[in-house]
Structure formats: structure tokens, C-alpha cells
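Please open the model in a viewer and keep the selection tool at hand.

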Amino acid sequence: MYDISLYGHLTFDRIFDGFKKDNSVGSMGNVWYHLNNVNPSLKINLEPTDIGEALILVNREKVERASVANLNMKSRIPLISKSKWSHILYLNELSDVSFISDIKFGVVSADICRGKSLKNLDVLKHIDFLFISDEDIFMDLNELSGLVKQGVMLHYKGGSTFYNKDSTQFSTNVDVLDNVNVLGCGDMLASCFINEYLKCYDIEKSVKEAHNLVSNYLGEKK
């Protein structure tokens with residue numbers, strides 16, 4: 001059994017940090033990297049369903065990033081493996097979501113990215129945790145949290161708010177750092193939360209520890 005299986009998008013990222021250019025593996029690659037960084041002992045399975053490319057611009061002064069992407073240049077149906085946790089990137093842009101109903105074991109989470117609104121809301125009944133940034137909200141979050149099994153984590157510059165399925169919520173606030181590269185912070189937060197939750201199965205504790213890890217990482221990278 002794997003600890004974590006990653007499904008969904010794998011991208012070749014062309015990144016401009018100002019005029020400084022770099023290439024990187026994005027989407028699933030970001031989550032894989034941060035999971036390995038936070039816990040090298042994890043057994044991680046990689047099953048990309050869509051391979052694409054992205055062009056990304058980072059603005060450190062405003063702590064922002066923007067991108068254009070062609071996420072579904074190649075597509076396939078993945079093999080499903082028994083795992084403690086299955087994480088799917090990016091739910092609203094997948095070319096085919098039919099494989100999700102075949103994940104029968106462990107916790108299932110998914111991430112929403114900038115782009116299309118999620119049209120097939122029925123797929124959310126298979127999702128325990130949904131991650132979404134304030135830039136990508138496409139419907140009322142209390143309503144959205146009622147469609148998943150456990151809840152929705154809304155993340156933004158100053159922290160996050162977790163919306164439970166029963167419409168209760170709690171917020172975690174963090175200091176906003178200046179002059180940092182925020183690219184991949186959502187994937188980093190999801191990775192840290194997944195790792196912490198698998199250790200304690202406590203949502204609020206896992207959210208707070210995930211934010212601490214992200215803040216420390218960004219502070220070290222300044």
C-alpha cells in the first residue's frame with residue numbers, strides 16, 4: 001500500500017520571476033516535491049492523467065503570480081492503487097473525472113486551479129477535502145462544503161478558512177511576508193496538510209501545522 005497517490009495534471013512550467021527565467025516540473029511535481037521535503041519516508045505513487053505546459057509570471061513586490069496554461073495536451077486513464085490518501089490535481093481542468101469514483105480506499109482530496117468553473121459538481125461526493133484559493137472561488141463556499149464528505153479549505157495570502165460539511169468554520173491567520181515567490185504555495189499547503197493529517201487525523205491541528213511549515217519555508221527562501 002502507498003501512503004499517498006497523486007492523480008491529475010503534470011506540467012512543464014516556464015517561470016519568469018521578473019526577467020529571470022527558469023524551467024520546472026509543475027502541478028503534480030510541486031506536490032511530490034513538497035511531500036518529499038516535509039517527509040522523505042512517504043511512499044508516493046504518481047499517476048498523471050493529463051500532461052501539459054504552463055507559462056508563469058511571478059511578482060514578488062505584490063506577492064502575486066499569474067499564468068496561462070495548456071493543461072491537457074496528452075491524456076490517459078490512470079491505474080488506481082490502494083493508498084492511505086489520494087490527491088487529485090486539478091479537478092476543474094481534468095479532461096476525464098470518471099476514474100475518481102474508482103478510488104475506494106483511504107482519504108480523497110482534490111485541488112481547484114485558475115481556469116474553468118467546476119461543471120460536474122456530482123464528482124464532489126467522492127471527495128473528502130477540497131482545496132481552493134480565494135482567486136478561484138466559483139460558488140458559495142458554505143454550499144460547496146456541503147457537497148464534499150468533510151470540508152473545503154479556502155487559502156489566501158493571510159491564511160486560510162476551513163469550511164466543514166456542517167457549515168461551521170475556523171480560520172488560521174499568518175503574517176504576510178514581503179518580497180517572496182508565492183508560486184506553488186497552494187500545493188505546498190495541501191502537501192503539508194496531507195502529511196500532518198495522516199499523522200494525527202485532526203483537521204484543525206493539521207491546518208495550523210501546515211501553515212507553520214509553509215511560513216517557515218517561505219521565510220527561509222527570502
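This predicted model holds 11 aromatic pairs. Begin by selecting Phe 162 and Phe 170, whose rings are stacked, with 5.6 Å from centre to centre and 20° between the planes. Are these two residues buried or exposed? Phe 162 is buried, at a relative accessible area of 1%, and Phe 170 is also buried, at 16%.

Next, select Tyr 197 and Tyr 201. Tyr 197 counts as buried, with 6% relative accessibility, whereas Tyr 201 is partly exposed, with a relative accessible area of 49%.

The view may then be widened to the largest nonpolar core, which has 30 residues. Ile 4, Trp 85, Phe 129, Phe 193 and Ile 203 have the most contacts inside this core. To see where its residues come from, colour β1 (2-17), α1 (28-38), β5 (83-89), β7 (129-133), α3 (185-200) and α4 (203-221), each of which supplies at least two. The largest share, 8 residues, comes from α3.

A second, separate core has 24 residues, including Tyr 7, Val 97, Ile 103 and Tyr 163.

Finally, select Lys 82 and Phe 105: Lys 82 lies over the face of Phe 105, 4.6 Å from the ring centre.

Conventions: Residues numbered from 1 in each chain as written. Predicted model: local features only at pLDDT ≥ 70, side-chain atom pairs only at ≥ 80, totals over all residues. Heavy atoms only, no water. Core = buried A, V, L, I, M, F, W, Y, C linked by side-chain atoms within 4.5 Å. Buried < 20%, exposed > 50% of the residue type's maximum accessible area, 1.4 Å probe, protein only. Helix = DSSP H or I, 4+ residues; strand = E, 2+ residues; numbered from the N terminus. Phe/Tyr/Trp six-rings, centres within 6.5 Å; stacked < 30°, edge-to-face > 60°. Lys NZ or Arg CZ within 6 Å of the ring centre and 35° of its normal.
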